[in-house]
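Here are some notes to go with the structure, written for someone opening it for the first time. Keep the view next to you and follow the points in order.

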Amino acid sequence: MTENFNNSTGYQLVQEWMAGKGMDAFGFQKQAWQRFGNGYSGMVIAPTGFGKTYSIFLAVVIDYFNHPEKYGTGLKLIWITPLRSLAKDLGKAMQEAIDEIGLDWEVGVRSGDTDAKQKALQTKQMPDILLVTPESLHLLLAQKNNDRFFKNLKAIAVDEWHELLSTKRGVMVELALAILRHRKPKVRIWGITATIGNLDEAMDVLLPNISKKTKVVAKEQKKIEILSVYPPEVEILPWAGHLGGRLVEEVIPIILNSQSTLIFTNTRSQAEMWYQLLLSAHPDFAGQIALHHSSIDAHLRQWVEENLSNGTLKAVVSTSSLDLGVDFKPVDTVIQIGSSKGVARFMQRAGRSGHSPFETSNIYFVPTHSLELIEASALKEAVKNNIIENREPLVLTFDVLVQFLVTLALGGGFKEEEIFPVIQNTFAFSEMTEDEWKWCIYFITVGGKTGKNYEEFHKVVRDEEGKLVVQKRKIGMLHRMNMGVIVSDAMLKVKFVSGGYIGMMEEYFISRLHKGDKFILAGRVLEFAYLKEMTVYVRTSSGRAIAASWLGGRLPLSSHLGSYLRKKLADSLSPKAREKELKFLHPLLTQQNLISNIPKEEEFLVEYIKTKEGHHLFFYPFEGRLVHEVMAALMAYRISRLYPISFSMAMNDYGFELFSDKEIKLTEDELKQILSKENLMNDVIGSVNAAEMAKRKFRDIAVISGMVVQNMPGRQVNNRSLQASSGIIFSVLEDFDPENLLLRQAYTEVFNQQLEEVRLNAAFDRIAESKILFIQSDRFTPLSFPIKVDSLRQTLTSEDLATRVRKIQERNLKKRAKKK
DNA sequence: GACCTGCTGCGGGTTG
């Protein structure tokens, strides 16, 4: 037992196997093995590349050797991963290890990729270890008689738990675990995670109400070296921008001096442009570098991943599509272009380089505009202090719950009184009331107040035994086809006229193209030929072309990074500031200080700038664009209550602008007043269109809860009709069923995710304690200029923009000359 | 002299 663990057969065997592979077990791995053997559930915390897999996977192997009598046939370990590719790669590695250790276990993978034959074999006889995505696990639970799969289940591991935690996919995992625990109370559940800010909470979410749980933390730290990339002269770095193309000459030698490099960008089109930039600046890269993002054909992406792993490729330009994945062994260098927006993401990306845990990860930071260099020094400090963002778990996501209840009804049915406490035992639904539970049952059986007359909403019925079951074949089929919580935006396929799939484009982008127009996708110049049945047909071309763009998500600056940024900016002109980044920016910072001011940590800067176009008010909370969007609307609303005036607004991650052609009359007292926290949320609701925001949020909820069916056999509902049908349902519910839980959820999501209520409150708390600096200026400052440029872009075409920007420059220069 | 943008992830049935 415990005292003999180190002498146990299993432990000895696995140690020998590791030694034979030239691996030395880490302390955290040994700890995990032992605690697993002692019946604990828990969480393993270690950086990428530390062999976290070998902690829990081998723990099961060891436990088996130590207590073979406890293990029956069939499925012993379920391994949940967020990525299909991860499941596949880990499965291969595990099978190899199992074979070498000399067990006759079978390792199986089950995901959308798995072919039907393989799945049928698994259904007949489950492998000993099954690697699975959350969705595929739910599909297993939707099978009749699925109980037999789990008869001898001993353990469940949840890989990359930090990645799932704050998403609805994480809630899917919580629900599946609750059911499996209910059936097999002794099953040991282990989370595997990178470091995040709220590790204890992460464990409570995964292992609610489990008393025998433990945290296993790697003592060894991964060393990260952050290297800023500078242009030869200050002047070369623009005040505003996001591309960073001017530093391409500085990036090339970094690639050349490395064996293999990952280059992270923030958007797909930026990745496309950097790929082109690198090729044209250094043509020898042809065939040696590649491109990777979500809108590129899966086969091509797979080819890229393989050739990066085997060292054939010198560099890959990617978006966050390469954030996760099995270790790219030959990668020794990572380059981050532009802001990473958060500390955790930056560290995650840095960790993708360095061959072993003992090697230092090198990450180069390429600023795309001047102030981003301050971000680099902020990142350095945050990494040094190990300050990492939280991942907030979601609660009361009823859309996920009702989907799951239909899954259970499909998988043999359930009794309400038996399952209610099981669901309540999850973190996500621990606060669910009995009334809410009853509403969910009402929803899946009757369709809610408005679904009564529609048969397709009566999915679940009560059978003779009083169990809730799905009886209609069609409902079952549609449910399986629409399983999961990811609602994708419908896009157009891009194919060669001659055949061959390249990737995906958005309709809005294609709609601007005419026959013969050239654009770039997947690193190739393509000529638009024709559009047919949701497919864009193209021919290979060459010469000048526009880079494709997509309307993707926008990641706002995290509050951690924002606060370090404020701190670094505040100290930037202090003689004590030694960082190279700050020294480099000295001329620019001096200029900001001269025309306006550099706010100290306990100060809040507002600039009032009068130009020929009109009157601009700039605020700098450094809270990320999402919060700034809300703040801007709020400020505009509050000023317009003082006297009638309307504004146009613009924002970036550092601040926001209110612009009017009329003079903005505002005393310092009034400014203080409009920045006050008093009546905050009421004013916010008055200033934004919450119903419209909720309507947009409702689209996903309607799909996840099954009110709108996205996938039908033979067709996929496109974006616009998805938005339309969910919009109609939303309006009907607002009028006739305002108490509908899914409608309420849409508003909750707006408050939590869109308005970021918590962060907004914190920002106003901080401002209330700050001294407000109200500075007047007659020209744009280094801080305000990037926001101004952003606002110009929104209303004008790019050509106009160029002239507008030039005019602003000229005027500024004239004014400067005059002053001299 | 300063500019051009917006992440990721999953699933099954039918038909060819």
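1. Let's begin with one pair of strands. This is a predicted model, and in it strand E19 (residues 524-532) runs antiparallel to strand E20 (residues 535-540), with six bridges between them.

2. A step back to the whole chain. Chain A has 32 helices and 28 strands. Its radius of gyration is 28 Å, close to the 28 Å that the globule rule gives for 820 residues, so chain A is as compact as a globular protein of that length. Along the principal axes, the C-alpha atoms fill a box of roughly 90 × 65 × 60 Å.

3. There's another open sheet to look at. In what order do its six strands come? The answer is E8-E13-E12-E9-E11-E10, and the pairing here is parallel. Strand E8 (224-228) and strand E10 (289-292) are at the edges; each pairs with a single strand, so one side of each is left without a neighbour in the sheet. On average, neighbouring strands of this sheet are turned by 20° against each other, direction ignored.

4. E10 pairs with strand E11 (residues 315-318) in the parallel sense, over four bridges. His-292 is opposite Ser-318, which sits in E11. Here H11 turns up again: the helix packs on this sheet too, touching strand E9 (261-264), E10, E11 and strand E12 (333-337). Its direction makes about 170° with that of E10. Helix H13 (residues 343-350) lies across E8, E9, E12 and strand E13 (361-366), and runs at about 125° to E13.

5. Five helices, H15 (398-410), H18 (448-451), H19 (473-481), H27 (690-704) and H28 (719-736), are the elements that give two or more residues to the lining. By class, that lining has 16 nonpolar, nine polar and five charged residues.

6. What about the cavities? The structure holds five cavities of 30 Å³ or more. The largest cavity has a volume of about 80 Å³, and its lining includes Arg-566, Leu-569, Lys-600, Tyr-620 and Arg-766. Helix H21 (559-570) and strand E22 (603-610) are the elements that give two or more residues to this lining. The largest share, three residues, comes from E22. Sorted by class, the lining of the largest cavity has six nonpolar residues, no polar ones and five charged.

7. Last, the second largest cavity, which has about 50 Å³ of space. The residues lining it are Val-406, Phe-443, Ile-444, Gly-447, Phe-457, Lys-459, Ser-705 and Gly-706. Four of these are nonpolar, three polar and one charged.

Conventions. Residues numbered from 1 in each chain as written. Chains lettered and ligands numbered in written order. Predicted model: local features only at pLDDT ≥ 70, side-chain atom pairs only at ≥ 80, totals over all residues. Heavy atoms only, no water. Pairing = 2+ DSSP bridges. Nonpolar A, V, L, I, M, F, W, Y, C, P; charged D, E, K, R; others polar. Rg over C-alpha atoms; globule rule 2.2 N^0.38 Å. Axes fitted to C-alpha atoms, helices over the stretch in contact; angles between N-to-C directions. Contact = heavy atoms within 4.5 Å. 1 Å grid on protein atoms, 1.4 Å probe; cavity = no way out; pocket = protein on both sides within 12 Å on 5 of 7 lines; lining within 4 Å. Points joined across faces, edges and corners; volume = space filled by probe spheres on them.
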